[in-house]
Amino acid sequence: MVAGSVLRSLVSQVMGGALRRPALSSFSRGMQTVTLIPGDGIGPEISAAVVKIFEAAKAPIRWEERNVTAIKGPGGRWMIPPDAKESMDRSKIGLKGPLKTPIAAGHPSMNLLLRKTFDLYANVRPCVSIEGYKTPYTDVDLVTIRENTEGEYSGIEHVIVDGVVQSIKLITENASRRIAEYAFEYARNNQRSSVTAVHKANIMRMSDGLFLRKCREVAEDYKDIKFTEIYLDTVCLNMVQDPTQFDILVMPNLYGDILSDLCAGLIGGLGVTPSGNIGANGVAIFESVHGTAPDIAGMDLANPTALLLSAVMMLRHMGLHEHASKIQTACFDTIKEKKVLTKDLGGSSKCSEFTAEICRRVQDLD
Amino acid sequence: MAAHSAALSFSKIINPLWGRHLGNTVKVFGTTLTSNRNKTFNCPPPAKYGGRHTVTLIPGDGIGPELLNHVREVFRFSCVPVDFEVVNVNSALEAEDDINNAITAICRNGVALKGNIETNHTMPPSVKSRNNLLRTSLDLYANVMHCQSLPGVQTRHKNIDIMIIRENTEGEYSSLEHESVSGVVESLKIITRNNSLRIAEYAFQLAREKGRRRVTAVHKANIMKLADGLFLQCCREVASGFPDITFDSMIVDNTTMQLVSKPHQFDVMVMPNLYGNVVSNVCAGLVGGPGLVPGANYGRDYAVFETATRNTGKSVAGKNIANPTAMLLASCMMLDHLKLYDYASLIRNAVLTTMNETRLHTADLGGQGTTSEVVQSIMRIIQSKGQLTAEF
């Protein structure tokens, strides 16, 4: 019993360490390898924009471009191409553009496949108000951390009798503990002061009760971080009235899905929201969460902000804070100036012009 | 007439007793006993004696008791012909006797006004939420909330007018959970064709009655293909019977995002239980907070009125700073249900006029007013209308 808890804390310390330090295997002459997955639709152009901006910022990143269109593996199961998997396993860090989910291709959604392949258990979305992109909500600065593997999205559904369907929500001790630990580690690494667990344990007594218990247990090991609990409906109610009262929110899958999109809506939508997925074994894939926008693909009209901010998140994750701040400042300043903005931000410039402006600012900041 | 009312009362006795033990079957059985389904929804109970109605009052916890006292005060002052039968429910007890008494009282009276009963989730999981028990036992299948921006209240978005109809008895709130293996808990979300059809039918009927143009179904059928897929399919089926009303659907996460950026695109929304919880709280927040919006729970035979966001408000209880608007507007909805329309409009107008006065705003609206000041102002406005009133 005691040995178990000692082992658990050892494991979490090692894991915490792994999260803080970049993977050593890809550390060569200061350059770190990142697997770049451009994606579909506007994916390639926004990825190119990000690569250009990183070059201008002289970030020590070596990009390895890979395609993740599903292929049928030996056992008949769908999987991502082996070279993509090998590249990710080696570099441990990935940046992904939007992926198309084909309707009748027979294989599950690509995002789901990636999640299963790398056991991406935590979805992290920092939502910070962008100065210069006006929304009714100002001063938003919160992070939603969502458990990404189980909960309501386990996909286990049955038709009991004709006309009665049951869908199973699965909550396990291990997954709950893992996400709670990640949340507190994130809080510590990013100097955040409080973690709030979102739940509906008044109705779902056992499942959300278990999630809450695990969060409380993990909170004991992080006495420097304030831990609070709040009902899902109370969060929704308070979030739209005063979002500044929240810091880090940790929650199971469905609530996380809804709340992270709600918070994205507060700061201006999916076109400006970064997102990161953290997996076991130190893997982390950062992505833009908007769609592929096939109607404007290839026309140099896309807004690379979401992917850029996700890439900035990636830099911070890798410990390259200086470059991260530089690029973020350049991006925010460009938006604040309002002179060169893409159509969705209210301007009329092209993607390449927007990118060039950010590159110029990054170089000026040097 | 006598046979009809006898059948009605017979079913009232049978349903609550059997409802909780036999599940779906009793709903089928109960239907065959009662009169035809073409009756208008929410037929109020007949006035009991001398033109006065009896309504069950459940004070609940937190701010419930004080707000309901204010409701009684206003009713007594305005000489509303309603008598309240108070039933207390102690949320600290594990036994279900209290809530069963309350349910029996509501069966007897047909209408109730309630505060929120706290659920202490440190108690063992076998102690279910009392509010949920009440809703499922009485089969209050539709939770209706009308979110309207009030002119006197400052909010980020103006002129919001959304009706939210939420399935109130099944979905994620079935309270069916078990620990299959140690450390692994399963919680069942149940969606049935009957209930989905019923709530969709209710939503479209209400939309037609109120002259609304569009009904939006909120779901997550891309992930929960069978469960929410069934719900969506039922909504579509019902929609085909209402060609004058536009029907569309939206995924719940996109819905919340749209609500905070462009809330004016929504008209009437219908959805399963949990999404209803999220969306109704977001909308309540958009129009000014939990203190302003009333909610109603309708079943075939019963109606229970409460605040829309069902908060206990423990942090503001007993301090005379709670906002009585939501509870008073809920009581007006109850008066409308009892067909006492004149009293309902009288009190409602008084409440809304008072809300326009920024000076009287309570703490939740950013003001300094106290609950009693607000209530006094309401009573003063009622008196000025020249109707019969009691003494102050």
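A salt bridge, as the term is used here, is a side-chain nitrogen of Lys or Arg within 4 Å of a carboxyl oxygen of Asp or Glu. One more thing before we start: what you're looking at is a predicted model.

## Where the two chains meet

Let's begin with the contact between the chains. On one side, 56 residues of chain B take part, and they are in contact with 50 residues of chain A. Putting the two together buries about 4400 Å², with carbon and sulfur atoms giving 65% of that area. In chain B, the residues that lose the most area to chain A are H121(B), R156(B) and M257(B), which together make up 15% of what that side buries.

How many salt bridges does the rule find across the interface of chain B and chain A? It finds one. D257(A) and K220(B) form a salt bridge, and their closest N and O atoms are 2.7 Å apart. Several elements of chain B each supply at least two residues of the side that touches chain A: β6, β7 (184-192), α7 (227-240), α8 (252-261) and α9 (273-287). The interface also has 20 residue pairs in polar contact.

## Salt bridges inside the chains

Side chains of opposite charge can pair when their charged atoms come close. Over all chains, a search of the whole structure turns up 43 salt bridges. Here are three of them that sit within a single chain.

| Salt bridge | Closest N to O distance |
|---|---|
| D261(A) with R125(A) | 2.8 Å |
| K314(B) with E118(B) | 3.2 Å |

Take D261(A) and R125(A), which form a salt bridge in chain A. This pair links distant parts of the chain: D261(A) is in helix α8 (residues 253-267) of chain A, while R125(A) is in strand β7 (residues 120-128) of chain A, 136 residues apart. Both D261(A) and R125(A) are buried.

E173(A) comes out as partly exposed because its value is 26%, and buried means under 20%.

K314(B) lies in the loop between β12 (303-307) and α10 (325-337) of chain B, and E118(B) lies in the loop between β3 (111-114) and α5 (130-137) of chain B, so the pair ties together parts that are 196 residues apart in sequence. K314(B) is exposed, with a relative accessible area of 52%, whereas E118(B) counts as partly exposed at 26%.

Salt bridges can also be linked up with one another. In chain A, R62(A), E64(A), R66(A), E86(A) and R90(A) are linked in a network of them.

Now for some helices. Helix α10 (residues 321-337) of chain A has 17 residues, and from its first C-alpha to its last it reaches 24 Å, close to the 24 Å expected at 1.5 Å a residue. Its buried residues include H323(A), I327(A), C331(A) and F332(A). What do the buried residues of α10(A) pack against? They pack against α2 (43-56), α9 (305-317) and α11 (351-365) of chain A. After α10(A) comes K338(A), which has a positive phi near 65°.

In chain B, have a look at helix α4 (residues 97-109). This one has 13 residues and reaches 18 Å, close to the 18 Å expected for it. Among its buried residues are I99(B), I103(B) and I106(B). Just after α4(B) you'll find G110(B), with a positive phi of about 90°.

## A buried threonine

Last stop: T169(B), in the loop between β5 (161-167) and β6 (177-181) of chain B. T169(B) has a relative accessible area of 9%, so it counts as buried. Its side chain makes a polar contact with the side chain of E167(B), at 2.9 Å. Leaving out residues up to four places away in sequence, T169(B) touches several others, including R135(B), D139(B), Y141(B) and N273(B).

Note on methods:
Residues are numbered from 1 along each chain as its sequence is written. Chains are lettered from A and ligands numbered from 1 in the order in which they are written. This is a predicted model: local features need pLDDT of at least 70, side-chain atom pairs count only at pLDDT 80 or more; totals for chains, interfaces and linings use all residues. Side-chain values use heavy atoms; hydrogens and water are left out. Helices (H or I, at least four residues) and strands (E, at least two) are DSSP runs, numbered from the N terminus. Buried means under 20% relative accessible area, exposed over 50%, partly exposed in between (1.4 Å probe, protein chains only). A polar contact is a pair of N or O atoms within 3.5 Å; within protein, one must be able to donate a hydrogen and the other to accept it, and residues adjacent in sequence count only if both atoms are side-chain atoms. Contact means heavy atoms within 4.5 Å. The expected span of a helix is 1.5 Å times one less than its number of residues. Buried area is the accessible area (1.4 Å probe) that two parts lose on being put together, summed over both.
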